[in-house]
Amino acid sequence: MPPSNPTQFYDFKSLEAKWQEYWEKNKSFKAVEDRSKKKYYLLEMFPYPSGKIHMGHVRNYTIGDALARFKRMRGFNVLHPIGWDAFGLPAENAAIQRKTHPAEWTFDNIRVMRAQFKKLGLSYDWDREIATCRPEYYRWNQWHFLKFHERGLVYRKKSTVNWCESCQTVLANEQVIDGRCWRCDQLVLPQEREGWFLKITEYADRLLEGCRELAGAWPEQVLTMQGNWIGKSHGAEVDFRVQGGDDVARIFTTRPDTLYGATFMVLAPEHPLTLKLARGTPREKAVAEFVRNAQLEDKISRTSEGGEKKGAFTGAYAINPMTGEPIPIWTANFVLLEYGTGAIMSVPAHDQRDLDFARKYGLPVKVVIRPPASVPPGRPPGATPPRACAEAELSAAIRRRHRGPSEFGQSAPARPPDEELDASAMTEAYTQDGTMVHSGPFDGLSGDEGRRKVGEYLESKGIGKRAVNYRLRDWGVSRQRYWGTPVPFVHCGACGAVPVPYEQLPVTLPLNARIGEKGQSPLKDIPEFYNVPCPRCGRPAHRETDTLDTFVCSSWYFDRYTSPRDDQAPFKKENVDYWMPVDQYIGGIEHAILHLLYSRFFHLAFRDMGLVGPPEPFARLLTQGMVIKDGAKMSKSKGNVVDPDEIVGRYGADTARLFILFAAPPVKDLEWSDKGVEGCSRFLKRAWRIFHEFLDEVRSAPKPSAPTGATAPEIRELRRRSHVALKRVTEDIESRLQFNTAIAAIMEYVNSLYDFREWWTGCQEHSEADRAAAREAMETLTLTLSVFAPHIGEEMWSALGHAETADKTPWPEYDRELIRAEEILIVLQVNGKVRQKIVVEEGIGEEDLKARSLEDPKIKEWVAGKPVKKVVVVPKKLVNIVV
C-alpha cells in the first residue's frame, strides 16, 4: 500500500484513518486455526459496556495489543479477540434512570466503545466478537448450569445471604467490600433467602494445588489472595456442651494441643445459639443489639488484624471437654459464621487476638504451652512451627518460585528456651510450638505429636474428631434482577424444581419487560415467560425468576472465543484444544478472587467433563497498575478523568498508546502527565522527520540482510547501535514485558540517528554498503516502533517500498557477534559485596542499567523483602544496590 504522506509533515489524522480502514477492510488480524504454526492466545479481560472507554481501558488493551503485534511478527499464530461482558446491574440501573431498556442502553454503549477501540488501532479479530447478553451466548451459560446440575455441582437451599436493598439482589461474599455493595456502594444487610449455589468447595483442594503450579507465572499477590480465600486448615472439631442444657457448640481449631487453655468461647453474631442462649436473661437486650450492629460491619474489617475487636457476654457457659470446667460463652464481631463452625474456643495465652480480647474484657488467661527446653534439629530459634494451615505450604511454593517476600511465615519474637510464661503479666501470646503443660496426661508432649495424641483422644471419647476446614464457601449465583441469564429451571407443585430440557434452550430473556423503579424483577409479571407446563409431568408450573450472577458469563468466555459462532456446542473440542490455555491474560488485580477464581473453577469442572484439556485456563497473568491523576485513581467523582477521545483527537492514537506504554512499567501505577503526552507526540514527529531525511537515499538501497562490507567507523557504529536497539527492544518485550524500557531504547536510538545524520550529510557520496546500513537502520526504527505506534510504523514501512505490511513482517534478528564485540562486563553488588556479574551493551543508559540490575534473578534473591535505599552506578564498571 503506497504511503499517503511522503513529506516530512506528520499528519496523524489522515494517516491513522487510512490504516484503520486498511486493517478492517483486509481483516488483517483474523485468526485461523493452523496446526502447522505455534499458537499464541493473547487476551485482555473483556470490558463491561459502560458508555465510553476511560484511560484504564486504554492502558489495559494497549498493553495487550503491543504484545499481540510483537508475537505475530515473531511468527506465532495469534488469537487476539474482544467481546463484551454485557449483562449486569449497571445496565439495569442506568436504564431505570434514563427510562429506557437495558438492551438498548447496552448495545448503544457497545457501538460507542467498539468505535473507540478501532480508533486506537487495536489489532482484534472482530469476527470473533461476542456479547454475553445475546441468546446465542447465554444459551450455553444455561447448558453449563444443567451439566453442572447433572454432576451434583448445583443445588438450591435457604441461607443467610448478603442483600443489597439498592440493587435489589443477593451478593456473593466476594462482592461485599467494607460492608457495602461492590456495585452501588450501599450498605449490605443479611437476609434469609432461598437460592441456587455452585459447589465450588468440591474443587477447593485442586484450586489450591493449582496455585502452587502457577507460582512464577502469576503474580504472587494474586496467588496469595486466592490461597487465603480458599483457606485450607488442618485441625480438629470439638464439641463444647452448654452448661445446664442439651445444646452443643462445635468449634474448629488448628491447635488441639491448646484445648486445656481454653478459658472462654466465642460465637459468631449470626450463630443460631447466640440469641438463643441470651433469650430470657438480663443479657438478651444487649446481645440482640450487639448482633444487629455486628451484622452491619464489613466481614473483612471484622476479621482484620487492625480492626477493633468487640464482644458481648451471652450469660451462658460451656463445659471445656478436657478440663470439665465451665467457661463463659461470648459473641464477638471477629468470628464469622462462614468460617469453620461459626464458634471458636479462645486460648488467650497462645493466640494474640484472644489475649487482646481477654485483657479488654477481664477474662482469664491460662498457659498450656511452654517454650521448649531445646530447639528441634533443623529449626532456628524463634522460628514458627510447622503450620497446620495449607496456606503456608502454598506461600512457600510461591516464594520459592518468585524468590521474593511473602506475607506468610513471619516469625514471632523468639522466646528463651524453657522460659516460664506468666499468664497474669504476658502482653504477647506465645503462639509457637512448645511443650504441653497444665494439660493432664498430655504434659510433656510437643508439636505434631501433641496435636495427634489429643486428636486421637477426642475421637476415642466421641467428643471431637480430626478435620480439615476451608474458608471458601459455595458460590451463591442467584440474583433477583432482570438483566441476566435466566436460570433454566421450572418449579412444579408436584415435581419440585425441574431442569429445562436441553432442546428447549435457550430460555430467552423477554425483551418486553418493564423494570420496577427499584429494579424489582418483572419476570413474574410476564405470563408468557412465567407460566409454563412442567417438563416432567405436564401440569401447570412456573419458571424460575432468578437470573445467574454475571460472573458465570465471564467464567468461560475465553473458551467461547475459540468457536464464537458454533450453534451446536459451547465450543468445538478441536478448536479449544488448539488455542487453550490463554498464553497471556491481562487485567486488574481487583479480579484476583472473583473472576479469576471462578474461571479456574469452571475450567476444572469442564476438564472433568472432558470438554477441555489443559490444567489451567490462563498460563500467565499480568495485572496492570492503575492510571493515577493528581494523586488519585481517575474517577468521575474526583473530577480527574481524562477523556481518551480528546487525547486521540488532539495528538493521535499512536501518541496516546506510546505515552500509556512509556510512562510506567505495566504492573506499576501510571501517573498521568499532560507534559508526558506532549513529549511522546514530539518524539513521534522527531522519528518521522529523521526517517524522511534518509528515505530518498535508502528506498532503493539493497536489503540490509546483505553484508555491507562497510569500513567507515561511523557506519560500523550505526550498525552496532541498530542491533543494540533491536536487542534491547526484543528482550524487554519478550523476556520482561517492560514496554517502557523498550520505548526508551527506541528513543535513545532516534537520538543516535540524529547524531549519525551529521556525518551522513557531510559526505559527498554514499556507497551501496553505506545505503544498505542506513536502510537497515530505518527498518529497525520502523519495525520496533510499529509494535507501540502501529499507524506511523505501517506508514513508514510502506514508504520504504514494502508490499507486505509491517505486522506481517518477521521480526528481525539482531547480530550477536556485532553486539558482543561492543559488550562490557558489569559487577553487581549488594551493600558493597559482589553478588553477580552481567554482560550489557556499551553505551547502555544509567536508568536501564539500574532496572536490569534489579531484575536479575540472583539480585532479587539478595534483596528480597528489603527496601532498596539507593542504587549507585559506576559507569562501565559496577552497580551497588544499597538495602
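**Close-up views of a predicted model**

**View 1. Phe 145 and the residues packed around it.** Setting aside residues up to four places away in sequence, Phe 145 touches Val 154, Trp 196, Leu 198, Val 477, Val 487, Pro 488, Phe 489 and Leu 548. Keep in mind for this and every other view that the model is predicted. Phe 145 sits in helix H5, which covers residues 135-150.

View 2. Once neighbours within four places in sequence are left out, the contacts of His 144 are Trp 556, Pro 570, Phe 602 and Phe 606. His 144 has a relative accessibility of 1%, so it goes down as buried.

View 3. Which backbone nitrogen lies 2.9 Å from a polar atom of the Thr 253 side chain? That would be the one of Arg 255. Leaving out neighbours within four places in sequence, Thr 253 is in contact with Gly 235, Ala 236 and Met 345. With 9% relative accessibility, Thr 253 counts as buried.

View 4. Pro 506 belongs to the loop between strand S22 (496-499) and helix H14 (527-530). Another cis peptide bond links Met 580 to Pro 581, and its omega is about 5°. To find Pro 581, look in the loop between helix H16 (573-579) and strand S26 (584-587).

View 5. His 438 has a positive phi of about 50°, even though it is not a glycine. The loop that holds His 438 runs between strand S17 (435-436) and helix H13 (447-461). Its relative accessible area is 52%, so His 438 is exposed; the cut-off for exposed is over 50%. Leu 737 is not a glycine either, and its phi is positive at about 50°. Where is Leu 737? It is in the loop between helix H21 (713-734) and helix H22 (739-762). At 18% relative accessibility, Leu 737 counts as buried.

**View 6. Stepping back to the protein chain.** The protein chain has 27 helices and 34 strands. Its radius of gyration is 32 Å, close to the 29 Å that the globule rule gives for 883 residues, so the chain is as compact as a globular protein of that length. The C-alpha trace spans about 110 × 75 × 50 Å along its principal axes. Of the 883 residues, 57% are buried. Among contacts with a separation of 6 or more, 74% are between residues 24 or more positions apart. The accessible surface comes to about 37400 Å², and carbon and sulfur atoms account for 49% of it. As for charge, the mean positions of the 122 positive and 118 negative charges are 2 Å apart.

Key:
Residues numbered from 1 in each chain as written. Predicted model: local features only at pLDDT ≥ 70, side-chain atom pairs only at ≥ 80, totals over all residues. Heavy atoms only, no water. Helix = DSSP H or I, 4+ residues; strand = E, 2+ residues; numbered from the N terminus. Contact = heavy atoms within 4.5 Å. Buried < 20%, exposed > 50% of the residue type's maximum accessible area, 1.4 Å probe, protein only. Polar contact = N/O pair within 3.5 Å; in protein donor to acceptor, adjacent residues only side chain to side chain. Rg over C-alpha atoms; globule rule 2.2 N^0.38 Å. Areas by Shrake-Rupley, 256 points an atom, 1.4 Å probe, with all protein chains shown as cover. Lys, Arg positive; Asp, Glu negative; His and termini not counted. Charge placed at Lys NZ, Arg CZ, Asp CG, Glu CD.
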